[in-house]
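I opened this notebook to record what I looked up in one model, going from the whole chain to single residues. The entries follow the order in which I checked things.

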Amino acid sequence: MRVLRPPASRAAGQLCGGFTAGPWEVDGQAKHAAARFVEQVVRGAGGTWQVSSSIDPPRPQLAPRRKGGPTALGRAVLDNPQLRISEPARADVTDRRVGDPILSVLDALARTHILQVQAFVSGHPGTVYPTARVSNHAVGRAVDVRSVDGRPVIEIPRDDPILVELMVAAAAAGATEVGGPVPIAGRGFFTDGVHQDHLHLGITPGAAPAIPAAPSALR
Ligand SMILES: [Zn+2]
C-alpha cells in the first residue's frame with residue numbers, strides 16, 4: 001500500500017535538482033498542493049481515500065542496475081580516498097546506475113578536496129521538488145555533496161570562498177546545473193532553501209556547462 005502524503009510533507013533536506021525559485025515560492029507551491037490534497041480527499045468521500053496523480057505524481061523510471069561491476073572510472077571513484085561515499089551511493093556506482101560524465105566531475109573536484117557524497121540515484125526523490133519534472137538524479141546524472149574537507153556544507157560560513165570555488169570548479173569540470181547555498185551570477189548556477197546543506201551537481205545532456213557571468217561576480 002502506498003503512503004499517501006502531500007508534497008508539502010516531504011523532507012526538504014532531501015529534495016533538490018535545479019529548482020530556482022525562492023523559498024517563498026516553494027511555500028506558495030506547497031500550500032497550493034496541500035489545498036488540492038484536501039480537495040481530493042473530500043472528493044473521495046464514501047469511506048475511501050484516493051490518490052491522484054495530480055497530488056502524487058508517478059515516480060519516474062530510475063536508472064536500471066546493470067551487471068559487470070563499475071566502469072573503470074567508477075572503480076577509480078570508489079577507490080579514491082578523497083571521496084567518502086555512502087553505501088547506497090557506492091552501490092549505484094557498482095551497478096552502473098551513475099554515468100561517467102558526472103563521475104568525472106566528482107573525480108576532478110576530489111583532486112583538491114575531500115568530499116562526502118550523499119546520493120547519486122538511490123535514496124533521492126526522482127522528481128525535482130515541487131514539480132513532476134524528472135531529476136537528473138533519477139537517471140544517473142547528478143550527485144549531492146554533503147561535506148567538504150570534513151565540514152558539513154550547512155556549517156560552512158556563506159562568505160567562505162570554498163563554496164564559490166567548488167561550485168565554479170564543478171562548472172569548469174562540465175556540470176550544467178550547479179546548486180548550493182550561495183548565489184553565483186551566470187548560467188547554470190542556482191541557490192534556494194533546499195540547497196543550504198549540500199551541493200547539487202548535475203549534467204543535462206545537450207545543455208552547456210554552467211559558467212559564471214564574469215570573474216567580478218565571484219567573491
Ligand atoms: Zn541533487
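I took helices (H or I, at least four residues) and strands (E, at least two) as DSSP runs, numbered from the N terminus.

**Ground rules.** I noted that this is a predicted model, in which local features need pLDDT of at least 70 and side-chain atom pairs count only at pLDDT 80 or more, while totals for chains, interfaces and linings use all residues. Residues are numbered from 1 along each chain as its sequence is written.

**Whole chain.** I found 5 helices and 9 strands in the chain, and from the N terminus on I read their order as α-α-β-α-α-β-β-β-α-β-β-β-β-β. The chain has 219 residues, of which 37% count as buried; a residue is buried if 20 or more other C-beta atoms lie within 10 Å of its own, exposed if 12 or fewer, and partly exposed in between, with C-beta atoms placed from the backbone. Among contacts with a separation of 6 or more, 70% are between residues 24 or more positions apart.

**Confidence.** I then looked up pLDDT, the predictor's confidence in each residue, from 0 to 100. Its mean over the chain is 80, and 70% of the residues reach 70 or more. Over residues 1-15 the pLDDT is below 50, and beyond near neighbours in sequence this stretch has 25 contacts in the model. Residues 51-57 also stay under 50, and for them the model has 13 contacts beyond four places in sequence.

**Helix H4.** Which residues of helix H4 (residues 100-109) are buried? I listed Ile102, Leu103, Val105, Leu106 and Leu109. Seen down the axis of H4, these buried residues fall within an arc of 155° (the arc of the directions from the helix axis to the C-beta atoms), so they line one face of the helix.

I next picked out Leu106, which lies in H4 and counts as buried because it has 25 C-beta neighbours inside 10 Å. Leaving aside residues up to four places away in sequence, I found that Leu106 touches Val77, Leu83 and Val143. I also noted that Leu106 and Ala170, 64 residues apart along the chain, have their C-alpha atoms separated by 7.8 Å.

**H2 against H4.** I looked up how these two helices pack, with axes as lines fitted to C-alpha atoms, for helices over the stretch in contact, and angles running from 0 to 180 degrees between N-to-C directions. The angle between H2 and H4 is about 35°, and their axes are 10 Å apart. In the contact, Leu73, Gly74, Ala76 and Val77 of H2 meet Asp100, Leu103, Ser104, Leu106 and Asp107 of H4.

**Strand S8.** I checked whether one or both faces of S8 are covered and found that both are, with Leu199 and Leu201 buried on one side and His200 and Gly202 buried on the other. In general, side chains in a regular strand alternate between the two faces of the sheet. Two strands pair if DSSP finds at least two bridges between them; S3 and S8 run antiparallel and are joined by 4 bridges, while strand S5 (residues 177-179) pairs with S8 in the antiparallel sense over 3 bridges. I noted that Leu201 in S8 is the bridge partner of Val143 and that Val178 also stands opposite Leu201.

Asp197 is in the loop between strand S7 (189-190) and S8. Is Asp197 buried or exposed? I found it buried, with 20 other C-beta atoms within 10 Å. Asp197 and Gly180, 17 residues apart in sequence, are 7.7 Å apart in space, C-alpha to C-alpha.

In helix H3 (residues 87-94) I found Ala89, Asp92 and Val93 buried. Down the axis of H3 they fall within an arc of 95°, so they line one face of the helix, and they pack against H2, S1 and S2. Arg96, in the loop between H3 and H4, has a phi near 55°, a positive value in a residue other than glycine. With 19 C-beta neighbours inside 10 Å, Arg96 counts as partly exposed.

**Asp149.** Asp149 is partly exposed, with 13 other C-beta atoms within 10 Å.

Methods: Contact = placed C-beta atoms within 7 Å.
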